[in-house]
Structures are given as structure tokens and as C-alpha cells.
Amino acid sequence: MLHNENLTAERPTFVTHLECAYTGEHYPADAVHNLSRAGKPLLVRYDLEGVRRALSKEALARRPADLWRYRELLPVRRTRDIVSLGEVVTPLVPLPKLAAPGGELIVKDEGRLPTGSFKARGLVMAVSMAKALGITHMAMPTNGNAGAALAAYASSAGIKTTIFCPEDTPEVNVSEIALQGATVYRVNGLIDDCGKIVGEGKAKVGWFDVSTLKEPYRIEGKKTMGLELAEQLGWEVPDVILYPTGGGTGLIGMWKAFAELEAIGFIGKKRPRMVAVQAAGCAPMVRAYEAGEEHAPRWENAHTIASGIRVPQAVGDFLILRAVRESGGFAIAVDDDAITAALAEAARVEGFLMCPEGAATYAAYKQGLADGRIRRDERAVLFNCATGLKYPLPPIHRTLDRHKPIDFAAL
């Protein structure tokens, strides 16, 4: 981290404007924005011809292996605004024993990032941009990991944070959010109920709403998953990406990343099939995908052990469904029993402890193989979005009395 040129060397930046993802209306860069006038997400646009001239694969290969190596495709203009806690390039871990015979199964392990989840990517970008734009107070709803990432980066940047989470959010998440300097409240409702409180407070308190896709920069951080993945595979893309989908920022971000990489000449036209993985107890995207709809109405009485994908309604629904359909992918729901079994199998067989949302992608891979939507000879990439250590694990009660004779053959 010390003397990391990615964090110290000024590089040319190429942001030209922001664009409403729904209407295409343009908005100025370098100003504070939430949603567009149409109430839809804003996407950051770049002078990609300029990036193509300024950046080569060879120059990129010489840079330190962290998220900030892709500065030319990121919105932060000055290094002094970068708020880094060490965003490493996350490894691709092969799971040969779980892969279909003749195929390849790889997991991108996002649990290696600061605060132990892929939410760090989005929040490091949002907080760095908030610092650049002079924002002093940020607020968000969270199912846990995003709040932890916001708290850490905002504290590092000296920005005040107020965070709201559902009352059944995992204990470790609530504790880490508070310990890292945020004021956190448990709310008797789901994440979208928490989001309404953030929205109301924006008008009354003046805090900045950093909810999923309600500001433009979390998606730019999350798109680095796609940039990294393509580079790690030698500027190729896999056949299939299975992505745990709540708000869907990462799926939308990766789809954007691949388009930008093609525009700068780093990859060709091939795209992975994007598979949005949801829990059976909260599957608004699956329902909309199967009905041929562009928008996904709220899922009532949402429940699943995979709390990170318990998102009843997503403001970027049309972008998720668009990426899934344009890529020839699909949306799939897996039940909690399948998630629990997948988590146990990956840990026992491969020694890889996934988070429940990550395990959902392995369950979906198995389901996709069974129903023929994934071919056995394909290269599939799963996203393990957080370290499995952040979630409640099953208790183990086996004991041994050292004062009694030990039957070693039985151990």
C-alpha cells in the first residue's frame, strides 16, 4: 500500500457527463446528483476514445494490483480524494470438484476486500466522490455489508454517517457498523422501509442519500468486478456469470464494464450470459423476467436466510432485466434449503466457506445444469460477495473428556 503509484500518481480522467439510464438525458459531471429528473439511476459516461488512446494493456499490467489500477475508467479525478483501505484485486478460485465434468467452475472471492464484502467497491467510489464534492453527511439503508463499508470509508474520510438496517440484520454487521463510527438504527421493517426513512430525512436533515443506484458512483466501483474478471482471464470473458441479485448494482456495473472494455479495444464482442440469482422467498426479478416485464413490482413478505439479496424492490430493475436479456442470460430463484446445502457442500468438498448469497449462486449453477440452461462444458463464474465468517454458522457440540481413556480408533 505504501508508495502505491495508483494512489499517488495523477492520471488523466475521462468523465464527460452523467446520463439518465431511462431517458438518456445528460447531466453535468463534477456536481452532486442523486436520481435523474425521471426518478431513475444516473450512469457515468466517459470519453472512451480518449481512454483508448491513453491506456494500453501493457501499461495496466505494470500497475499495482488494486481497484485503482483502472483510474482512466473511474470517476475520481484527483488522487487526494481517493479514500482507500486497500482494495485488492480479488482472486479467482477454481472449484474443480464442484464443476460439471468437462466444464470449469470458478468463484471470484469478494470476501477478501476491506470490511469483508464486495460492497467495499461501490462504497469506496461513492465516498471518494462525496469527499471530492464536499459532502459532509451520508445516510443509507442496509442489510448489513453495505453499511459496514460506508461506515469504514466515511470515517476514514471524516464524513458523518447515519445508517438504518432491518431489525434482524446479522449482529456482526450492526456491531461493525457502529464500531466503525456510524450511528446505526435497527428498524422494524425491510430494507426498502429503511430506504423510505433515508429519503424523508434527506429533505429534513440534508444528509446525502447513498442508497443503491440512488447516486451515480457505487455502480462505477462495482463495475471493477467486470474489469478485473476480464483482465484475470487474459482479456476474455466467461460463458456464464452467476450473480447474487438484490439491488443489482454489480450485475449492471459489470455489463457496463464489458461495453466500455470493448469500446477501448480490450475485449471483443463476446459477452457472458448474465444470470441474476435470487432467493425463492424474495424473487421480484425472476417474476418480472418470466413475465416478460421491464419493471419488477414489490415482492411482499420477503424472507430468506440470504439477507443480502432480500431486496423487495429495486430502483434499477429495468437495468438488471435489460442486462440479463441482452446477454441471453436468465433470472433464477433458489430456495433456502438449496442455499444451505450449497454452502455446506462447497465448504466440505472444496474447503471454501461461502456467504449465503454466494452459496445461492452455486445452488443456481446446479439448477442451471439440471435444466439445461447452463451446458456442462461451459466456463461459469460465481460471485462470493462476502466472507462466510460474517454470518451465523451452525453450532458444533462434539466434546472430549481428557481425563477419561480416549478411544483413538473411534475419533
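Trainee: Is Arg112 buried, partly exposed or exposed?

Mentor: Please keep in mind that this is a predicted model. The general idea is to compare the relative accessible area with two cut-offs: under 20% is buried, over 50% is exposed, and partly exposed is in between. Arg112 has 48% relative accessibility, so Arg112 counts as partly exposed.

Trainee: Which residue does Arg112 meet in a salt bridge?

Mentor: Its partner is Asp109, and the N to O distance is 2.7 Å. Asp109 has a relative accessibility of 8% and therefore counts as buried.

Trainee: How many salt bridges does a search of the whole structure find?

Mentor: The search finds 34 salt bridges. One of them is formed by Glu231 and Arg69, whose side chains meet at 2.8 Å, N to O. Glu231 lies in helix H9, whereas Arg69 lies in the loop between helix H3 (57-61) and strand E4 (92-94), so the pair ties together parts that are 162 residues apart in sequence.

Trainee: Are Glu231 and Arg69 buried or exposed?

Mentor: Glu231 counts as buried, at 18% relative accessibility. Arg69 is buried as well, with a relative accessible area of 6%.

Trainee: With which residue does Lys108 form a salt bridge?

Mentor: Lys108 pairs with Glu228, and the closest N and O atoms are 2.7 Å apart. Here too distant parts of the chain are linked: Lys108 belongs to strand E5 (residues 104-109) and Glu228 to helix H9, 120 residues apart. Both Lys108 and Glu228 are buried.

Trainee: Let us turn to the aromatic rings. How is a pair of rings described?

Mentor: A pair of aromatic rings is described by the distance of the centres and the angle of the planes. This structure holds seven aromatic pairs. In one of them, the ring centres of Trp235 and Phe266 are 4.9 Å apart and the planes stand at 75°, so the pair is edge-to-face; the cut-off for that term is over 60 degrees.

Trainee: Where in the chain do Trp235 and Phe266 lie?

Mentor: Trp235 is in the loop between helix H9 (224-232) and strand E10 (240-244), while Phe266 is in the loop between helix H10 (249-263) and strand E11 (273-279). The pair therefore ties together parts that are 31 residues apart in sequence. As for accessibility, Trp235 is buried at 13%, and Phe266 counts as buried at 5%.

Trainee: Which residues do ring pairs link into a cluster?

Mentor: The cluster consists of Phe118, Tyr243 and Phe383. Phe118 also has a charged neighbour: Lys222 lies over the face of this ring, at 4.1 Å from the ring centre. In another such arrangement, the charged end of Arg373 sits over the ring of Phe330, 4.1 Å from its centre.

Trainee: How many disulfides does a search of the whole structure find?

Mentor: The search finds zero disulfides. The test is the distance between cysteine sulfur atoms, with a cut-off of 2.5 Å. For Cys355, the nearest cysteine sulfur is that of Cys385, 3.6 Å away, and Cys355 is in no disulfide. Cys355 counts as buried at 0% relative accessibility, and Cys20 counts as buried at 1%.

Trainee: Which residues make the nonpolar surface patch of about 450 Å²?

Mentor: The patch is made by Leu400, Ile406, Phe408 and Leu411. Ile406 is found in the segment after strand E13 (379-384) and, at 30% relative accessibility, counts as partly exposed.

Terms used
Residues are numbered from 1 along each chain as its sequence is written. This is a predicted model: local features need pLDDT of at least 70, side-chain atom pairs count only at pLDDT 80 or more; totals for chains, interfaces and linings use all residues. Side-chain values use heavy atoms; hydrogens and water are left out. Rings of Phe, Tyr and Trp (its six-membered ring) pair if their centres lie within 6.5 Å; planes under 30 degrees apart count as stacked, over 60 as edge-to-face and the rest as tilted. Helices (H or I, at least four residues) and strands (E, at least two) are DSSP runs, numbered from the N terminus. Buried means under 20% relative accessible area, exposed over 50%, partly exposed in between (1.4 Å probe, protein chains only). A charge sits over a ring if NZ of Lys or CZ of Arg is within 6 Å of the ring centre and within 35 degrees of the ring normal. Patches are made of residues with over 30% relative accessible area and no salt bridge: like charges are joined within 9 Å, nonpolar side chains (Val, Leu, Ile, Met, Phe, Trp, Tyr) within 5 Å. Accessible areas come from the Shrake-Rupley method with a 1.4 Å probe; for residues, only the protein chains shown count as cover. A salt bridge is a side-chain nitrogen of Lys or Arg within 4 Å of a carboxyl oxygen of Asp or Glu.
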